[in-house]
Amino acid sequence: MNNLLQVKNLYLRIKSNKKSEVLRNINFEIKKSEVVSLIGESGSGKSLTALSIIRLLEKSCKIVNGEIKFLDKDLLQIEEKEMRKIRKKDISMIFQEPMRSLNPVMSIRDQLLESYDDYKDKNIDSKIIQNLISVGINDANRVINLYPHQLSGGMKQRVMIAMAISCKPKLLIADEPTTSLDVTIQKQVLDLLLELKEKLNMAILFITHDLAVASQISDRIIVMKNGTIIENNQSKEFFIKPKDEYSKSLLESSFYSRKLKENISLPNENILNIKNLRVYFKEKNTMFSRNESYIKAVDDVSFSMKPGSIHSIVGESGSGKTTIAKAIMGLTHITSGHIEILNQDIAALNKSNMRNFRKFYQMIFQDPFSSLNPRMRVGNIIKEGLCFLKPQLNKTETNNLVEDVIKSVGLDVDSLYKYPHEFSGGQRQRIAIARVLVLEPKLLVCDEPTSSLDVTVQKQVLDLLMDIQNRVQISYLFISHDIKLISNISDTISVMYKGKIVESGKTSDIINNTKNNYTKNLLKSVPQIKN
Amino acid sequence: MNTEKSYSSPFSSYLYSKETMKLENNKEKRDYPKLLYKGNHNKYYKDNTKNILFTSLLSILKSFIFIFFIYILFFRKYILRKNSFLLPFKNNKTLLLSLSTMIIILLLLYDLGTQYYVLGTDKVGEDVLYKSIKSIRTGILIGTLTTIVMLPFAIFLGIFAGYIGGYVDDIIQYVYTTLNSIPSVLLIASAILMLQVYMSNNPLEFENIYERADLRLFFLCMILGLTSWTGLCRLLRGESMKLREVEYVQASYTFGLKKISIIVRHIIPNIMHIVIITVVLDFSALVLAEAVLSYVNIGVDPTTYSWGNMINAARLEMSREPIVWWSLFSAFLFMFILVLFANLFSDVVREAFDPRASKNYE
């Protein structure tokens, strides 16, 4: 008996949807101390599968058929009381968002205490400290008295892992445990998981949408789509020769690249010139106390970009890359420095000239779910910019422009009369692109335009952006944390760390022979698909 | 309006207390006197119970005729013209159900109300049903007028505080925190007392008691409105602070929209659901507050028909023996129904204006 967990013929249905099951015919098994990755896009049912194993499904979900065997026990048949014991001893789970899975009003010690049976033991503190040290928190003596908000994201995830392994589980379910973390921390967490797996001899069910992460950690890969398993393959074979078409397209999407125009002569003038930009935020002060300490979000940043090129700013969260984008768009005040667009210092423009000038540079936001007003029809959303930035157009001209642009981003004219919530994430990002494209800007600031999208959709949106660049003269300023993606699409790169640009130059120079230690570290941490 | 002498219980033919009556042969007798205007004019049967049952049956039959017409209008094909404004209601079962209930209750009340005092009479012999219905006006007036007074304060100050921030925010916050910490009953009481002093010092300015009563009602609405905007203002401040950072607001800023157009186009539509819910909750609270204020004699004028005054009067009615329960009961019933339906109505309105929740109407 080699199997730790066996899922057989699992069918799951959501009560409001009577027509079809959300999960159909799920069959797989996990052997002892094996790492299995569940891969799929959002809505493919990978999280539901995991939740049905640990029986944490919402009440609206109902398992219609199937059995989940864990060490000869059918988890779907046993009493809740017994299930609780299993959750306590044998199966643990790590959730995606470490910020939300820790209780903000409990100290780390109290949170960890919950996962022990012998919490009345006098030596429990030393046990907790041992446990925290084993997940790589070295100053555990200090950490156990802290509260979650005093820890960084990576530390919180370590605490979560410590909670999960405190009972030495036989199976650890990790639901996208690294998605909200920076790459360097992601690598640390992945290494930690692998190390713990060896030490505790436990199996891991790893849920992710990122193929590269999966290839780093797993022995076996299971691909899910629309609630069914499409492929179940050994990791080594999968990345060399996937059996299924969909798996192939997933694999291709994660190798996105654009053909770089070689040796084109770029004009001498710059479309964007940033000189000694500083954006400082005052630390919170109340009405009566003047507190003159600052957070240096952007500190003495200078770079420039050529028309028709793609420049990328890459950095981890908190490095100040989004603040630069906001400073360019005028969404945040500038402490000092100059921003020149088309050789025009935008700080020197007065209000009405500024309004006219805005049509030359526009922005695409990260989250297409919050960048479109839910109470406006798509047509009105696209028209908004036109009405304010090109008021000389009459009604029919505006309507024609809007219809043209919605077709050019690959949507029907019908969609102009719909509301944003009727579209998927990718379609919404297309609408957001259409909204700025209709103004014919010269510079487009893209703030992580694809990071909240699935890989295949990501590819489509990037294709669209590249296609637009081939049609019209436009420059992109990409802002991203994903150095792998950036290195495939951009002409020049600036690497940011803690508000400063640590390195700037041509993509090939930076990727292939960087001199900077931070960039080296960043490049090393990026998960690569092992072949 | 014809009034009886004093209390009589619902559907009764006699007064509620015994009186000494002179008989024809000059003898005196102590008994329950007959009611003068209603309760002794049975249309169909002499026996009250039989007559009530028959009248109810008849009026229900009558209402079914109406309901049948409504059914034909909304549920048969080809009756409604294509451009008729009633078309959206076609085949709407909820509409049929609520209209039918309304028709049945109204006809029942009408048919029974012409023959009996359905909810009895009060101390001065007035029909309690009539009083309760008249009180709806006062309740709704206080609810809506106060809301209208309070809404502009709440919406404008809330959005300005949240969206503009900085010193504007500080000032508005201090204003409403200060206002909130004044005990509102004391404030209302002092305002009403001030008005009463003014009215008794200048009796010539008011031609009759109705004018005084109206002025007092209006004053009450104003002072309630001035004290009750703080809650909604605080909610809206928080929400617009959140919306200020949302990406679609930032996107429209990069389109060069002025602050005021961002507020009108993006912020106001997205806080409307909070406004609607709070307004209705406040409306209900105000209807109930009127009752409380009248109970402590600082509400509407005692001559105004209002549930608060009815409840105030019930204080004495409940302490006599045998007790008079119907005034309090009908004030409670009417208030309950109004507040419940205001809440249900607001839910539907909010849903109808939310593009994510509304069903397809095409």
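This report walks through a few parts of a predicted model with chains A and B.

## How confident is the prediction?

Let's start with chain A. Its mean pLDDT is 85, and 95% of its residues reach 70 or more. Helix α3 of chain A (residues 98-101) has the lowest mean pLDDT among the elements of that chain, at 78. At the other end of the range, strand β17 of chain A (residues 443-447) has the highest, at 92.

## A four-stranded sheet in chain A

Now look for an open sheet in chain A. Four strands build it, in the order β12-β11-β14-β15, and the pairing is antiparallel. Strands β12 (294-305) and β15 (344-345) of chain A sit at the edges with a single partner strand each, so one side of each has no neighbour in the sheet.

Zoom in on the pair formed by β11 (residues 272-282) and β14 (residues 336-341) of chain A. These two strands run antiparallel and are joined by five bridges. One pairing to find is Asn273(A), whose bridge partner in β14(A) is Glu340(A). There is also a helix to spot here: α12 of chain A (residues 321-329) lies across β11, β12 and β14 of chain A. Its direction is at about 70 degrees to β12(A).

## Two helices crossing in chain A

Next, pick out helix α11 (residues 245-253) and helix α17 (residues 455-471) of chain A. Their axes are 8 Å apart, and the helices pack at an angle of about 55 degrees. Are they parallel, perpendicular or oblique? α11(A) and α17(A) are oblique to each other. The crossing of α11(A) past α17(A) is left-handed.

Which residues make the contact? From α11(A) come Ser249(A), Leu250(A) and Ser253(A), while α17(A) supplies Val455(A), Thr456(A), Gln458(A) and Lys459(A). Sorted by type, the residues of this contact of α11(A) with α17(A) are two nonpolar, four polar and one charged.

## A hairpin and a helix pair in chain B

Over in chain B, strands β1 (residues 19-22) and β2 (residues 28-31) run antiparallel, with four bridges between them. Lys22(B) stands opposite Glu28(B) in β2(B). Five residues lie between the strands of this hairpin of β1(B) and β2(B), and Asn26(B) takes a positive phi near 65 degrees.

Chain B has a helix pair of its own to look at. The axes of α7 (residues 230-244) and α9 (residues 259-295) of chain B come within 10 Å and cross at roughly 150 degrees. That crossing angle makes α7(B) roughly antiparallel to α9(B). The crossing of α7(B) past α9(B) is right-handed. On the α7(B) side, the contact is made by Leu232(B), Leu235(B), Leu236(B), Glu239(B), Ser240(B) and Leu243(B). The α9(B) side brings Ile267(B), Asn270(B), Ile271(B), Ile274(B) and Thr278(B). The residues of the contact of α7(B) with α9(B) comprise seven nonpolar, three polar and one charged.

## Where the chains touch

How many residues of chain B are in contact with chain A? There are 17 from chain B, in contact with 21 residues of chain A. On the side of chain B that touches chain A, α8 (247-254) and α9 of chain B are the elements that give two or more residues. α8(B) gives the most to that side, with seven residues. By type, the side of chain B that touches chain A has eight nonpolar, six polar and three charged residues.

Terms used
Residues numbered from 1 in each chain as written. Chains lettered and ligands numbered in written order. Predicted model: local features only at pLDDT ≥ 70, side-chain atom pairs only at ≥ 80, totals over all residues. Axes fitted to C-alpha atoms, helices over the stretch in contact; angles between N-to-C directions. Parallel < 35°, antiparallel > 145°, perpendicular 65-115°, else oblique. Left-handed = near helix turned anticlockwise from the far one by under 90°. Contact = placed C-beta atoms within 7 Å. Nonpolar A, V, L, I, M, F, W, Y, C, P; charged D, E, K, R; others polar. pLDDT = per-residue confidence, 0-100. Pairing = 2+ DSSP bridges.
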